[in-house]
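Here is a briefing on one protein model.

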Amino acid sequence: MVLAMRHKESAYMHWAKTQSRARYNLATSGVGAFPLHELPLDAAGLEICAENGYGYGPLTEAIARRHETYAECVVEAAGTSMANHLAMAALMEDGDEVLIEHPAYGPLVDAALYLGARIKRFARREECGYAVDPAEVRRALTRETRLIVLTNLHNPSSALIPEPVLREVGELARSVGARVLVDEVYLHAVYENTPGTAFHLGPEFVVTSSLTKVYGVSGLRCGWILAQPELAWRMRRLNDLFGATPVHPGEILSVAAFAHLEVLRERARRVVETDRTTLAAFLREQDEVSAPQTAWGTTCFLRLRRGNADAFLERLRQEFETSAVPGRFFEMPDHIRIGMGVNAEMFSEGVRRLGRALAE
Ligand SMILES: Cc1ncc(COP(=O)(O)O)c(C=O)c1O
């Protein structure tokens, strides 16, 4: 008997780790690094080991406070990456039907494939600004659907899902006994009237996030899942097979980050907003690319009028020392994703070079 090999890699992550960098790097998704020396921290409190087997109290409490919930609903995870993997692994069995948005952040699809999901897609259409349309979700939904997967903000486009739409998706999920996994890693890049977490919209909602994209402390790998207490406990037990125990110095630094979260966010916000103004001016002048624009978020998804992003990006890198993410990683090969919030001078020069490459 020949057994099918499981999907065991992420083409996007491999590309991001090995090929995304350039002098003018527009292939980012999160903000620039927040330096450790600017983080108020009592070094005497740093320790290597602690009783943190199923989470470190001060950290799970800080995460819970931030989301107006209880520590028993918080599961620590190594970044949103492990949070997504752990959440999916706890919520589905081999062969289960999982609905995932399209276009999607590749590793979400990769993790579901690895776990043996039968994946169905629902479209977030470019012409509708990549909005989630509950009618599309309903079309894909069956009695067998176990999980619906969304990103809010959407990666790659930064589209925001309004609360009434999330509620509709929640009702659809409830009608077949499924859950909704909402990856909110970019949600706090909505700087004005920041929406609350979808976790409070009903027991079918499970939410993942981290401090990586909006706060500039990705190296802490401070991620989490919000889930109902019984489910959260099952996830902690399952994590005994994955990460087992968190890195304690990282937990202490994460508690310090939580104590100054608005300082971290505001520092990055200035760069994100400068970059957004630069991008808006660029897009106004350009007819070689088009993109739904948002007033928030750190990424924008551009359609190339003349198609084939791969050849274009190769030239952009070779001749203009500039990188952006190929749309094929979001299953849209005519597109490129660019990121804001790292360094305003670099962004502005990168975008200028992008314009020159498009003009040639
Ligand atoms: C939608 C989404 N989820 C999760 C991640 C991974 O986040 P983390 O660095 O917290 O693991 C990313 C990174 O690009 C992302 O875009």
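Helix H1 (11–18), helix H3 (79–91) and helix H4 (106–114) each supply at least two residues to the lining of the largest pocket. Helices (H or I, at least four residues) and strands (E, at least two) are DSSP runs, numbered from the N terminus. The model is predicted: local features need pLDDT of at least 70, side-chain atom pairs count only at pLDDT 80 or more, and totals for chains, interfaces and linings use all residues. Residues are numbered from 1 along each chain as its sequence is written, and side-chain values use heavy atoms, leaving out hydrogens and water.

**Largest pocket**
- The space in the largest pocket is about 1,200 Å³.
- Of its 43 lining residues, the closest to the centre are Met13, Ala16, Ser81, Tyr105 and Lys213.
- A pocket is an open set of points on a 1 Å grid over the protein atoms alone, where a 1.4 Å probe fits, with protein on both sides within 12 Å along at least five of seven lines; lining residues have an atom within 4 Å of a point.

**Sheet**
- An open, mixed sheet holds 7 strands in the order S2-S8-S7-S6-S5-S3-S4.
- Strand S2 (74–78) and strand S4 (118–123) are the edges; each has a single partner strand, so one side of each lacks a neighbour in the sheet.
- Strands S5 (145–151) and S6 (179–183) run parallel, joined by 5 bridges.
- Thr151 stands opposite Asp183 in S6.
- Strands pair if DSSP finds at least two bridges between them.

**Cysteines**
- The whole structure has 0 disulfides (cysteine sulfur pairs within 2.5 Å).
- For Cys73, the nearest cysteine sulfur is that of Cys222, 17 Å away.
- For Cys128, the nearest is that of Cys300, 17 Å away.

Technical notes. Points joined across faces, edges and corners; volume = space filled by probe spheres on them.
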